[in-house]
Amino acid sequence: MLKYTLRRLLMLIPVLAGVALIVFTLLYITPGDPARMALGEDAPAEAVEQFRINYGLNDPFFVQFGRYCYKAALQGDIGRSYVTKAPVSEELMARFPITLKLAFWAVVLGVALGLPFGIICAIRQYSFFDSITMVLALIGVAMPNFWLGVLLILLFSVKLEWLPPSGFNTFAEMIMPVFTLSGGTLAVITRMTRSSMLEVIRSDYIRTARAKGQKESVIIWRHALPNALIPILTIIGMQFGSLLGGAILTETVFSIPGIGRLVVESIKMRDFPVVQGGVLYIAVVYCIMNLVVDLLYAWVDPRIKAKYR
């Protein structure tokens, strides 16, 4: 298990290097002068040129990219913001808890509702509850987060005046952002749980358990669900990584000061170091979540744990 974990951690290096190269290249060829955006349109040409020299913007592409990778890998320095002049790592760490909190509660809500809904739909296949739930799940998968967020604001903030339209400090402020972000996750987990449970409950060992007189609740929770959890865990892990990146739109709609909103504002200001740091953060979290899911496989299925040995 330890060797497998270390090997997966080493695999993060080429992945992050590839992500850094792609993002750096895209930002490099993006139209617009970061120096002019940071100093303003009325800044003198001497100040703009000095800004470009200070940040190495006049250097060739590979020199800039090599310097960025060297500082990031050996010094832990992923640059300074062109606008605030603060280290990018400090900017990200200041907003990381808010984004993590939003994504965490969105996943918790999706799992808490998606698992039981999917199990009930599998047990009562083709029932009225199953049909309605699958229709709603299909709508949830197809519905963009930002559109759902705007609809919730119009209904609960503008029309009914029940909930505040922005913020993420109080429980009332958390309700709409969490529900908005968890909508797609809830739908995906519900559909995956139903599909996986339907495949398992038709297996021979489930029929054998029923023939032995086991209670239906024992069959579902002790025999069927553990064997159906492998694909469900995969979806949950991928959804959590996606939510940390997908929180960009939700944070923008609800004016939440998280990493997603920081990246959007930095794109507008051509603050490239912050954009690069935000994308790398999302890539790191996504890779770590995939590793955690792979390790959870061994905990759920002893056969996988035996392979690690």
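Here is a short briefing on the fold, surface and charge pairs of this protein.

The model is predicted. The protein holds 14 helices and zero strands, and its C-alpha trace spans about 85 × 60 × 30 Å along the principal axes. Of its 309 residues, 41% are buried.

**Overall fold and surface**

- Reading along the sequence gives the pattern α-α-α-α-α-α-α-α-α-α-α-α-α-α.
- Take the contacts between residues at least 6 apart in sequence: 71% of them join residues at least 24 apart.
- The protein has an accessible surface of about 17,000 Å², and carbon and sulfur atoms account for 68% of that area.

- Val-274 sits in helix H13, which covers residues 272–300.
- Val-274 has a relative accessibility of 1%, so it counts as buried; the cut-off for that label is under 20%.
- Setting aside neighbours within four places in sequence, the contacts of Val-274 are Ser-81, Val-88, Leu-262 and Ser-266.
- Ala-43 is 231 residues away from Val-274 along the chain, and the C-alpha atoms of the two are separated by 22 Å.

- Seven names to look for in the viewer are Phe-146, Trp-147, Val-150, Leu-151, Leu-154, Val-158 and Leu-249, which make a nonpolar surface patch of about 630 Å².
- Helix H8 (residues 145–159) gives the most to this patch, contributing six residues.
- Leu-154 is in helix H8, and this leucine counts as partly exposed because its relative accessibility is 46%.

**Positive phi angles outside glycine**

- Glu-161 is not a glycine, yet its phi is positive at about 60°.
- The loop between H8 and helix H9 (171–201) is where Glu-161 is found, and Glu-161 is exposed, with a relative accessible area of 62%.
- Ser-255, also a residue other than glycine, has a positive phi near 55°.
- Ser-255 belongs to the loop between helix H11 (216–253) and helix H12 (259–268), and at 33% relative accessibility Ser-255 counts as partly exposed.

- Side chains of opposite charge can pair when their charged atoms come close.
- Arg-194 pairs with Asp-130 in a salt bridge whose closest N and O atoms are 2.8 Å apart. This pair links distant parts of the chain, with Arg-194 in helix H9 and Asp-130 in helix H7 (residues 128–142), 64 residues apart. Arg-194 and Asp-130 are both buried.
- Arg-207 bridges to Asp-204, and the closest N and O atoms are 2.2 Å apart. Both are in helix H10 (residues 204–211), and because they are three residues apart, about one helical turn separates them. Arg-207 is partly exposed at a relative accessible area of 46%, whereas Asp-204 is exposed at 53%.
- Arg-261 forms a salt bridge with Glu-265, where the closest N and O atoms are 3.3 Å apart. Both lie in helix H12, four residues apart, which is about one turn of the helix. Arg-261 has 25% relative accessibility and counts as partly exposed; Glu-265, at 33%, also counts as partly exposed.

Technical notes. Residues numbered from 1 in each chain as written. Predicted model: local features only at pLDDT ≥ 70, side-chain atom pairs only at ≥ 80, totals over all residues. Heavy atoms only, no water. Helix = DSSP H or I, 4+ residues; strand = E, 2+ residues; numbered from the N terminus. Buried < 20%, exposed > 50% of the residue type's maximum accessible area, 1.4 Å probe, protein only. Contact = heavy atoms within 4.5 Å. Areas by Shrake-Rupley, 256 points an atom, 1.4 Å probe, with all protein chains shown as cover. Patch = residues over 30% accessible without salt bridge, like charges linked within 9 Å, V, L, I, M, F, W, Y side chains within 5 Å. Salt bridge = Lys/Arg side-chain N within 4 Å of Asp/Glu carboxyl O.
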